[in-house]
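The sequence and structure are shown first.

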Amino acid sequence: MNDAQNELEPLQRLILAYAKSGDRDRYALLFALDARFAETIRSTSEILIGQMRLTWWRDNLTKPAGDRPTGEPLIQQINLIEARGEGLAPLLALLDGWEVMLDDFPWDDRQFESYATARGRGFFEFGLPDGMALTEEQAGQAEAWALWDFARHCSDANMRAAAFDRCGQILKSQQRVDFDRSGRPLSILCQLMLRDVRKGQLAPDLYDPASAARIIWHGIAGR
């Protein structure tokens with residue numbers, strides 16, 4: 001198990017089990033880096049400090065591997081992924097999405113859109129093999145997922161409701177969206193999101209037996 005996998009929560013480890021073996025390192029890095037950005041936002045009380053922390057990541061994602069620090073395990077994993085030929089541009093988009101989170105609440109439509117587009121598409125694009133572009137429908141699912149995940153973790157009731165409503169509106173306008181085997185972790189996340197939207201409420205726990213069973217079934221059968 002690599003350093004990125006060591007940082008994952010049990011739910012993420014379960015989802016990771018259904019990634020193709022050659023894709024697991026990439027998904028592990030994606031989950032871990034997304035969680036690290038989230039922790040940066042949660043632990044920041046001063047906007048300037050938060051911006052400085054995110055800028056550190058931006059600088060290291062854009063500089064040559066040899067110029068990156070050696071003491072950060074996720075940086076080492078980034079170097080390994082990049083050495084295999086994977087592009088890092090989606091991670092910069094993911095970072096852009098998290099940077100919007102430094103804006104004060106409440107948000108307007110522009111801020112919700114900027115956040116969902118950057119974080120959602122960046123996350124999903126990095127999940128797929130390098131060079132495989134999201135379809136328009138998959139991009140919509142990515143944006144909806146970002147809003148759903150925002151709603152799941154936001155402590156502000158009005159912002160939580162606004163994000164969840166926007167997520168639902170996106171999904172109402174779409175037909176069923178499929179991912180190939182390389183995108184199985186993404187389709188699992190979409191299945192969990194769709195369950196909440198269909199019920200009209202956010203599940204209190206995504207790692208309960210019912211959720212685990214749904215993940216296992218979809219992971220095996222893709223349905």
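Salt bridges link D23, R26 and E86 in a network. The model is a predicted one, and it holds 13 salt bridges. Three further pairs are listed below.

| D25 | R84 | 3.8 Å |

The side chains of D25 and R84 meet in a salt bridge. D25 belongs to helix 3 and R84 to the loop between helix 5 and helix 6, so this pair ties together parts that are 59 residues apart in sequence. D25 is partly exposed, at 27% relative accessibility, and R84 is partly exposed as well, at 44%.

Because D34 lies in helix 3 and R119 in helix 7 (residues 109-127), the pair ties together parts 85 residues apart in sequence. Here D34 is buried, with 8% relative accessibility, and R119 is buried with a relative accessible area of 1%; a residue counts as buried under 20%.

D96 is partly exposed at 34% relative accessibility, and R58 is partly exposed at 23%.

Helix 4 comprises residues 47-62. At 1.5 Å a residue, its 16 residues should span 22 Å, and this agrees with the 22 Å between its end C-alpha atoms. The buried residues of helix 4 are G50, L54, W57, N60 and L61. They cover an arc of only 115 degrees around the axis and therefore lie on the same side of helix 4. Their cover includes helix 3 (24-42), helix 5 (73-83) and helix 6 (89-100). On the other side of helix 4, the exposed residues are L48, M52 and T62. L48 counts as exposed because its relative accessibility is 57%, the threshold being over 50%. Together with I49 and M52, L48 forms a nonpolar surface patch of about 300 Å² accessible area.

L16, in helix 2 (residues 10-16), has a relative accessible area of 6%. Beyond its neighbours within four places in sequence, L16 contacts Q5, L8, R24, Y27 and A28. E143, in helix 8 (residues 136-153), is buried with a relative accessible area of 16%. Leaving out residues up to four places away in sequence, E143 touches A116, T117, G120, R121 and I170.

How values were computed: Residues numbered from 1 in each chain as written. Predicted model: local features only at pLDDT ≥ 70, side-chain atom pairs only at ≥ 80, totals over all residues. Heavy atoms only, no water. Patch = residues over 30% accessible without salt bridge, like charges linked within 9 Å, V, L, I, M, F, W, Y side chains within 5 Å. Areas by Shrake-Rupley, 256 points an atom, 1.4 Å probe, with all protein chains shown as cover. Salt bridge = Lys/Arg side-chain N within 4 Å of Asp/Glu carboxyl O. Helix = DSSP H or I, 4+ residues; strand = E, 2+ residues; numbered from the N terminus. Buried < 20%, exposed > 50% of the residue type's maximum accessible area, 1.4 Å probe, protein only. Expected span 1.5 Å × (residues − 1). Arc of directions from axis to C-beta. Contact = heavy atoms within 4.5 Å.
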